[in-house]
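Here's a friendly walk through one protein model. Have a look at the picture first, and then we'll go through its parts one by one.

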Amino acid sequence: MPSPEVVVVGGGIAGLGVAWELAARGRRVVVLERDRLGRGTSWAAAGMLAPSAELGFEELDLYALGRESLARWRAFARRLEAASGAEVGYREEGTLVVADDRDSLHALRRLFRFQEEHGAPVEWLSGEEAVDLEPLLSPRLPGAVFSPEDHQVDHRAVVAALAVAARRAGAELREGTAVVHIGPDVEAPTVRLGDGTEVVARVVVLAAGAWSPSIGGLDPAPPVRGVKGQALALRLDPERGLDLGHVVRGPDAYLVPKADGRLIVGATSEEGVTDRRVTAGGVYRLLEGAVEIVPGVEEMELVETWAAHRPASRDHAPLLGRSPHPGVVYATGHYRHGVLLAPVTAEEVAAEVDRLLDGAAETAPVLAPFSPLRFPD
Ligand SMILES: Cc1cc2nc3c(=O)[nH]c(=O)nc-3n(C[C@H](O)[C@H](O)[C@H](O)COP(=O)(O)OP(=O)(O)OC[C@H]3O[C@@H](n4cnc5c(N)ncnc54)[C@H](O)[C@@H]3O)c2cc1C
């Protein structure tokens, strides 16, 4: 390939999505991934597309962005499947958010009111009605909210498909290629690789997830930290009646049934922990939270455990668009919502890079609240 117009640093769901969109727009793109494509935090997710899950009630801009991205998911999944020839497991059964005691019932009522106020088509269910919808739920649960619009996708299939689609569209994807330094420049920003060689582009997109601040050359560094999450997978067993038809979220764990027969149970949230160990305490708490809402979990086979770091910004919203560094665009800081936000990130950041390459100044209104320039330092 002749010298690239755009270098994307990081081949997770954010970087691959932006690379695919840019390549499809005819831009010469190279993705530099230090490890294997899609095997960072994006591999470790649960694949929920749930804008109001795990959201602070004050995070209204983020809620709106999540709903905007969710609204784009069906078309994005279809386009990605057509471009890659692979299925991405987009499922629209909806999500059940359940309470398991009086305190969590109170919190659930607040969530329900919040969702109703913002026009989400949610439905309040008694414990009995929830069990009618999802028979494996504990009959002791006092209430639930059904969110028919909160969906899910097979996130591992998505990153694999994005890599295929990006390559087919003409992007060059390099694995085992660590970027150690980014040199901002209005016309010719550079990235330096671990072996000392340099790649010059016209725009660099930083999409290195939780590792974004560890790359040299950006001062101030992007305000992103890693928040560790442990999760595990159980084996569903429909023949023994051990099956779930919906994503179920409880106060202490969520359960996400996948088409390949796994049931993902997640996730811990640990600040300031940099290792990727799966701990007995983490697994214990997740299983305890899962059994509380779906007792049949006790009988399921445990097939996989893992841990990864969510890339969290200071206000827990993503950093999308032009950064304080000339020629460098951010697509990072997606925290708990990187899968949900994949379509809006891919489409809007690619459009913004396109504008930058064309010398245009404008920023898309949808990205404005998420400008990396919103932090004073
Ligand atoms: C347990 C868990 C469950 C989750 N569940 C959900 C969910 O249900 N729904 C949802 O929307 N989100 C979920 N998330 C959050 C989601 O996984 C993240 O927001 C998303 O994966 C971030 O994507 P990314 O591309 O920014 O990061 P990554 O996938 O980590 O990609 C960054 C890439 O950059 C590479 N890289 C790093 N440094 C360099 C370098 N110097 N040079 C080159 N490459 C580099 C890494 O190797 C990595 O491949 C979950 C997260 C966790 C941990």
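The C-alpha centres of domain 1 and domain 2 lie 28 Å apart. Domain 1 is made of 6-77 + 155-223 + 315-374, while domain 2 takes in 95-148 + 225-313; these bounds come from an automatic or database domain assignment. Before going further, a word on the ground rules: this is a predicted model, where local features need pLDDT of at least 70, side-chain atom pairs count only at pLDDT 80 or more, and totals for chains, interfaces and linings use all residues. Residues are numbered from 1 along each chain as its sequence is written, and side-chain values use heavy atoms, with hydrogens and water left out.

**Where the domains meet**

About 2400 Å² is buried between domain 1 and domain 2, and carbon and sulfur atoms give 57% of that. Buried area here is the accessible area (1.4 Å probe) that two parts lose on being put together, summed over both.

How many salt bridges cross the interface of domain 1 and domain 2? The rule finds one. A salt bridge means a side-chain nitrogen of Lys or Arg within 4 Å of a carboxyl oxygen of Asp or Glu. Between domain 1 and domain 2 there are also twelve residue pairs in polar contact, with both residues at pLDDT 80 or more. A polar contact is a pair of N or O atoms within 3.5 Å; within protein, one must be able to donate a hydrogen and the other to accept it, and residues adjacent in sequence count only if both atoms are side-chain atoms.

On the side of domain 1 that touches domain 2, helices H2 (41-44), H3 (60-84) and H6 (155-168) each supply at least two residues. The largest share, three residues, comes from H3. Helices (H or I, at least four residues) and strands (E, at least two) are DSSP runs, numbered from the N terminus.

**Salt bridges**

The structure holds 26 salt bridges. One of them pairs Arg-74 with Glu-92, at 2.9 Å from N to O. Arg-74 sits in helix H3 and Glu-92 in the loop between H3 and strand E4 (95-99), so the pair ties together parts that are 18 residues apart in sequence. Glu-304 also forms a salt bridge with Arg-156, with the closest N and O atoms 3.1 Å apart.

**Around the ligand**

There are 36 residues around the ligand, and Glu-33, Ser-42, Met-48, Tyr-335 and Arg-336 come nearest; a residue counts as near if one of its heavy atoms lies within 4 Å.

| Residue | Protein atom | Ligand atom and distance |
|---|---|---|
| Ala-14 | polar backbone atom | oxygen, 3.1 Å |
| Ser-42 | N or O atom in the side chain | oxygen, 2.5 Å |
| Val-179 | polar backbone atom | nitrogen, 2.8 Å |

Most residues other than glycine have a negative phi, and most peptide bonds are trans. A cis peptide bond joins Asp-219 and Pro-220, with omega about 5 degrees. Pro-220 is in the loop between strand E12 (203-206) and strand E13 (224-235). The bond from Gly-266 to Ala-267 is cis too, with omega near -20 degrees, and Ala-267 is found in the loop between strand E16 (262-266) and strand E17 (270-271). His-316, which is not a glycine, has a positive phi near 70 degrees.
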